[in-house]
Amino acid sequence: MTGFVRQLATMSLQAVLMIGVVFAARKLFELLHISKKYVMLLWAALFFFLVFPWKLTVQGGFWNTAKVWRNGTQWEWIDEMLPASGNNIRSAKKGLPDAHFEDGGRQETVPAGSEQETGQFLNPNFIKEGEAADAAQNLRGYPFVKVFAAVWAAGFLFFAARGIVSYWKLKRRVLCSVKNADADRVNVDNYVRDVNGMLKMHCFPPVYDTDGIQTPMVLGIFVPCIYLPAGMDRAYMDAVIAHEKTHIRRRDYLAKPAAYLIACLHWFNPAVWFAYFFMARDMEMACDEETILKFGMERRKEYASVLLELSTGSRKLFAVPPAFGKGDMKARIQNIMHYQKTAGKASIFAVVFAAVLTGVFLTADQQDAVRSKANVPDGAGQDFVQTAETKILTFQMVREAFAQRTVGQMEFYSYTNGIRDELHETAMNENLHFYFEEGNEAYRFSVSYEKGTDLLEDIYIMREQDAQMAWIYTADAEGGEQYPNNLEVFLHTKTQISDWLTLRLPEGYTLGDYRGDLDLGGALIYPQVYETGASESAPEYWKYAGFVGKVGSAQETFVFWDGKLDERYYPRWNHSSEEEAKVLDTAAPGAGWTVLMVHSFHDLYTGSELGALEMAGEELAALETQSEYWYFYFVKEGEEDAYVLSLAAKEFTKEEAIRVVQTVRMTEKETR
């Protein structure tokens, strides 16, 4: 639900600007003597904007939309809260700590206790526990967002319930009503001629008298009816019924509750309630104008006197139905007395203006700004917005330079989509990073310069999907250039699970593609078997039928004694528990390989997530809060890497899981 609430908050803040524009246009329409029915088009556009989350991406669209790389292989669209504006660079510093490795690469540190930390192997070389508390506040799924989501849900339920109760009370008040016999008087506007020229009556809404109300109104969703206060002067009936019939013809009895429901969604935004109040007032004015056109312009004083006589003076914001005597009487009467029929050109202008306004606010300028949260250095993260005026380095330009061996002539620092590291003053080099999307793959292209000069030294490239990296260019002070690895070969050489091992899965299960964002790299076994709703903390491989992955630093994680694997040492997971661990002697994946079986349970929700769901009214007993897996670790003494296969206990019994493990064969090239 946090994603929904974040989107709602963004739309609500964006709507403040649109509300201001609507009020300005409303004033312009008033000066041009344009009917309130055209103002209602503006309100319709606004309330549609408040519930329509998508934008049409066009060149030069109104809102900024940046395409941002998040969490490895997932693309996510973020609508900025400010309009698009040419050459701008928006800071996106997240403050995530980074672990540094000897090869010069950088790996995102995942804080212990954070939402993304669960499921991470607890490798001391990977996690900086001292920085965990500060970094936890900067991860996706901030705690305050979840608190806001719970508060929003409570507020929405309160206001929605308030409107429903208000409507229900009105329905109870009119239960003891009687049909008004005088309402069946024949009026010429109640008849039309059929194809044979004969008069036939319109479908006339039923009219009732009741003691439970003080002002005439329309009630009913599927069958709207007109209710009049008992004892109302019959001299007022023509004007009142004409007004209420106009409401029914305009479907105001549906539009007003719908607008109220939308306001409930944005209850935290006072500007939306302000807009709802004026929309309701303009709705009554539009109905007044249309009524006096039918009633007769010469009878507007009579209509205004009826309106004043039956006024209740109520100005409640809640979802009361359209009512004759509601709203700002002074404004309504002034509007009636000064009303002029809208000229043809003015009406065309109003319709076009409303259409253009809607179109503008529902467009976004699609930018090509790409950022990697996982790899942008601390303090250097920025979203660069591409416009016609900026100088952009493209991936095709890079490939052509490598193909023609002209890399040394390129001035990478002159391109505005590069991201510089903020380095310590003792650093010898300055690093510049570019992020590209090519063929459904995302790459980080990193360039190193000698600090304080323009001397290009090194270039390496990293693929996000499988976290593979290659050093592809180097140069020395004398101008000598080398290309240690071929760029095109790197682009076409991707990690496959078959590089590690092969296995046979039962019918109905499939092994997905390799993904570098799954812990230290691996592939999911489909289908997904655990549903966790809005939870973002549990890693994906705790939710699917299984997982195949790599365990780095195997010689530090697993322990052998006299050639035998010690069952007490294996990777532990946060928010997890294990019941048993033993060496599986019945599986022989390859010469020298040992299989360790572990029975594990994982928490699919954190305590704070469960608390937020409970506050939102979720029935926790109906949720799957844990997943259960059989883990099989494939370990070889002296081998740098170990491998893991997990199978969901929900899908596989212990015996079935072991039979799958018995089909595993380690790939020969990994055993050399």
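Helices (H or I, at least four residues) and strands (E, at least two) are DSSP runs, numbered from the N terminus. Just after one of them, helix H7, Gly-296 takes a positive phi of about 120 degrees. This is a predicted model, in which local features need pLDDT of at least 70, side-chain atom pairs count only at pLDDT 80 or more, and totals for chains, interfaces and linings use all residues. Residues are numbered from 1 along each chain as its sequence is written, and side-chain values use heavy atoms, with hydrogens and water left out.

**Helix H7**

- H7 covers residues 270–295, 26 residues in total.
- From first C-alpha to last, H7 reaches 37 Å, close to the 38 Å expected at 1.5 Å a residue; the expected span is 1.5 Å times one less than the number of residues.
- In H7, 19 of the 26 residues are buried, so the helix is largely enclosed by the rest of the structure. Buried means under 20% relative accessible area, exposed over 50%, and partly exposed in between (1.4 Å probe, protein chains only).
- Asn-269 caps the N-terminal end of H7. A side-chain oxygen of Asn-269 lies 3.0 Å from the backbone nitrogen of Ala-271.

**Packing of H5 on H7**

- The axes of helix H5 (residues 237–249) and H7 come within 9 Å and cross at roughly 120 degrees. Axes are lines fitted to C-alpha atoms, for helices over the stretch in contact, and angles run from 0 to 180 degrees between N-to-C directions.
- That angle makes H5 oblique to H7. Angles under 35 degrees count as roughly parallel, over 145 as roughly antiparallel, 65 to 115 as roughly perpendicular and the rest as oblique.
- On the H5 side, the contact (heavy atoms within 4.5 Å) involves residues including Asp-238, Ala-242, His-243 and Arg-249.
- On the H7 side, the residues in contact include Met-283, Cys-287, Asp-288, Thr-291 and Phe-295.

- Arg-405 has a positive phi of about 55 degrees although it is not a glycine. Arg-405 sits in the loop between helix H11 (395–403) and strand E15 (419–420). Arg-405 is partly exposed, with a relative accessible area of 46%.
- Asp-562, also not a glycine, has a positive phi near 55 degrees. The loop between strand E25 (560–561) and strand E26 (564–565) holds Asp-562. Asp-562 is exposed, at a relative accessible area of 81%.
- The peptide bond from Tyr-526 to Pro-527 is cis, with omega near 10 degrees. Pro-527 belongs to strand E23 (residues 522–528).

Conventions:
A polar contact is a pair of N or O atoms within 3.5 Å; within protein, one must be able to donate a hydrogen and the other to accept it, and residues adjacent in sequence count only if both atoms are side-chain atoms.
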